Each structure stands twice: as structure tokens, then as C-alpha cells.
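Thanks for coming, everyone. I have one structure to walk through today, and I'll keep it short.

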Amino acid sequence: MTIAIGFEGSANKLGIGIIKDGNILSNPRDTFITPPGEGFQPRDVAQHHQTHILDLLQKALDMAKVDPSEIDIVCYTKGPGIAAPLVSVAVVARTLAQIWKKPIIGVNHCIGHIEMGRLVTGADNPIVLYVSGGNTQIIAYNEKRYRIFGETIDIAVGNCLDRFARLMKLSNDPSPGYNIERLAKDGKKLLQLPYTVKGMDVSFSGLLSYLEERADSLLLSGKYTKEDLCFSLQETIFAMLVETTERAMAHCGSDEVLLVGGVGCNERLQFMMQTMCRERQARLFATDDTFCIDNGAMIAQAGMQMFQSGQVTHFEDTTITQRFRTDEVLVTWRD
């Protein structure tokens, strides 16, 4: 029996989760939300995390009905992410590990998403499409590493959606991507946008620049509505992701796809990916926003697997890094 607590705070979502041998005991989350048209500053996110983390910790312990003495391992997000919020959460995790006299593990955020997805969906050995605010990667497991087959060569898909939402002055509550998805459902007219796929990699900055330069004139002309632009953006970027994921499946001979990351809970992306998988006699594994969006339980799950396979982070190495590649981690818990 292993009980792990996980602390996640790599961006604007603060999460603390407690897992007992694959069973999620608690997973509360608190999100820093800015006004419409505004992004978030790292210092403000860090302040939010510092303000709420102890209350969220008590909530997680109460929900799980677990005493700190019962916890076997403290896990925290080492990276990738935004430095200031990463540090603010890591400091709390380090302090608690010392106070509670527990081992500590620094977890790769991306691998946290993958392992939570595998736990919740039961996917065996899928091609992973990891899509979030800060990351866009197509991943396959091979020889003790999660290998990156393709990725964005500029901005992440979630960042593209967030910046477009700011351009349209959409609400950030509960998230910019959710509000784009909601409007896109009423879109009728498809605007041809730049479509950039280079082998296994994708690019979104040209598409975003195209919209930034033309959105106002397109809306004022009456030819396109705000709903049409949201619809066109989603259709284009998701088609790029489906194409590159299918190419990875063909390369690896895989018949499974796992969607993870905050953008992975988008129903239109899931529908497009499901259509592709059905044509290939493959299976799609996806979850809702409970587990797709950043949360503490995913860090606890990945950290617990690392711990059970013999990994522990030396205290002097319990730092953070903004750039922590998925393929840097030795995957000791998989055959």
C-alpha cells in the first residue's frame, strides 16, 4: 500500500491530489482567472498559489480522510512550466517533506499527464497526443523513454487558443479554450487559414498572426461572425493535430491514441480524432476536464510509480526547471 500526495502548480491551476495505489482519494483544484482580454503574469500566478495552497492542502487531506503520517511520498511538479508558480509550489512540497519526514520526488509535468491518462482510461501502449497551454507533443513509449515523434516548432496549441480568445475579448472563466469551443459550435462558415505541418511537427504562429491582422476587418465586413472565426480556428488546428497523430500511428504500428492535456478535453478534437481512429480500426482514449486539466493527482500517480520502481529525488536536486523535456525521464516503471 502506497499513499502519494502530489502538488501541481506549473501554470495558472493549483492542484493537490492524493492517490492510494491507483485509487484517487482527493483531487481539489483552484484556478487563477484574469479578466477578459488579459493573460496572466507569472508573479500574480505565484501569489495566487501562495495564498491558496495551505487551504487546498487541508481540503485535500480532509476529502481523502488521510493523516499526513499515513502519506508515504511527497510529489511535486519539477517542470516544465512557468518559473515563479513552479517555485512557489516546490517550496511548500520541500517544506512538508521535511516536516513530515517523507521522501520527495520531482515529477515531469508531461509524464504526469500521460500516467494519469493511462490510469483513468486503461490505455495500454498508445500514441499520446499531449496538448495544453504550454505543450504540444506527439509521444510514443519505446525502450524506457517517452519518445517525442512530433511537436510544435513555435507556440503550443493551448497558447494559440488563449491568445485568440484574448483577441476576441472572450472570458477566461472557466478557460479561454472552453469559450472558444462553445462559440465554435454555432459557427457556419469556414475561413481558410494557414495550415502548417512539417513532417511530424506543427506550427501555429503563422495562423495566429493571420487572424490577428485580419480578425477586426473580417468581423466588421459582416462576412464572418465571431462564431465563424472560432469554428475556423478549431477546425484548422485540430486537423493538423489529427494528421500528425495518424502519421505517428502508421510509423509505430499503433492501434491506440491517448489524448491528454487541457486541450484534450475539447469535444470537437475528440470527435475528429475518434473519426480518424475508427477509419483505422483503432481506439481513442480520452477523459473529461477532471483529469485532462492540470491536477495534483496526476503528479501523485506519476510520482508513486517512480517511487515504487526505485526512484527518489535527492533533496539537493528538488529544484525546478522551466524546460524539462518529456524524453529526459528514464521510465523505470514500464516494461
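One definition before we start: helices (H or I, at least four residues) and strands (E, at least two) are DSSP runs, numbered from the N terminus. Now the ground rules. This is a predicted model, where local features need pLDDT of at least 70 and side-chain atom pairs count only at pLDDT 80 or more, while totals for chains, interfaces and linings use all residues. Residues are numbered from 1 along each chain as its sequence is written, and side-chain values use heavy atoms, with hydrogens and water left out.

Let me begin with threonine 318. It lies in the segment after α10, which is residues 296-308. Is threonine 318 buried or exposed? Buried means under 20% relative accessible area, exposed over 50%, and partly exposed in between, using a 1.4 Å probe and protein chains only. Threonine 318 has 2% relative accessibility, so it counts as buried.

What does threonine 318 touch? Contact means heavy atoms within 4.5 Å. Not counting residues up to four places away in sequence, threonine 318 touches Tyr76, Arg94, Ile104 and Thr313. Next, polar contacts. That term means a pair of N or O atoms within 3.5 Å; within protein, one must be able to donate a hydrogen and the other to accept it, and residues adjacent in sequence count only if both atoms are side-chain atoms. The side chain of threonine 318 makes one with the side chain of arginine 94, at 2.6 Å. A polar atom of the threonine 318 side chain also lies 2.5 Å from the backbone oxygen of phenylalanine 315.

Now the annotated sites. A caution on UniProt: positions are given in the numbering used here, feature names are shortened, and annotations may be inferred rather than shown by experiment. An unreviewed UniProt entry gives "binding site" for His109, His113, Tyr130 and Asp294. These residues are spread over 186 residues of sequence, yet they cluster in space, with a largest C-alpha distance of 12.0 Å.

Take histidine 109. It sits in helix α3, residues 109-121. Its relative accessibility is 3%, so histidine 109 is buried. Leaving aside neighbours within four places in sequence, its contacts include Tyr130 and Asp294. Glu8, Ser10 and Thr77 are also among the contacts of histidine 109.

Next, tyrosine 130. This one is in strand β7, residues 127-131. Tyrosine 130 is buried because its relative accessibility is 0%. Beyond four places in sequence, tyrosine 130 touches residues including His109, His113 and Val260. Its side chain makes a polar contact with the side chain of asparagine 135, at 3.2 Å.

The unreviewed UniProt entry also places "binding site" at Tyr130, Val131, Ser132, Gly133, Gly134, Asp162, Gly177, Glu181 and Asn266. Two of those are worth a look. Glycine 134 is in the loop between β7 and β8, the latter being 136-142. With 58% relative accessibility, glycine 134 counts as exposed. Asparagine 266 is in the loop between β12 and α8, the latter being 267-279. Asparagine 266 has a relative accessible area of 5%, so it is buried. Leaving aside neighbours within four places, asparagine 266 is in contact with Glu181, Gln234 and Phe238.

On to the spaces. On a 1 Å grid over the protein atoms alone, a cavity is a set of points where a 1.4 Å probe fits but cannot get out; a pocket is an open set with protein on both sides within 12 Å along at least five of seven lines; lining residues have an atom within 4 Å of a point. Grid points are joined across faces, edges and corners, and a volume is the space filled by probe spheres set on the points.

How many cavities of 30 Å³ or more are there? The count comes to one. The largest cavity holds about 40 Å³. Its lining includes His113, Met116, Val260 and Phe291. α3 gives the most to that lining, with three residues.

Last, the second largest pocket, at about 160 Å³. Among the residues lining this pocket are Lys78, Met306, Thr313, Asp317 and Glu328.

That's the tour. Over to you.
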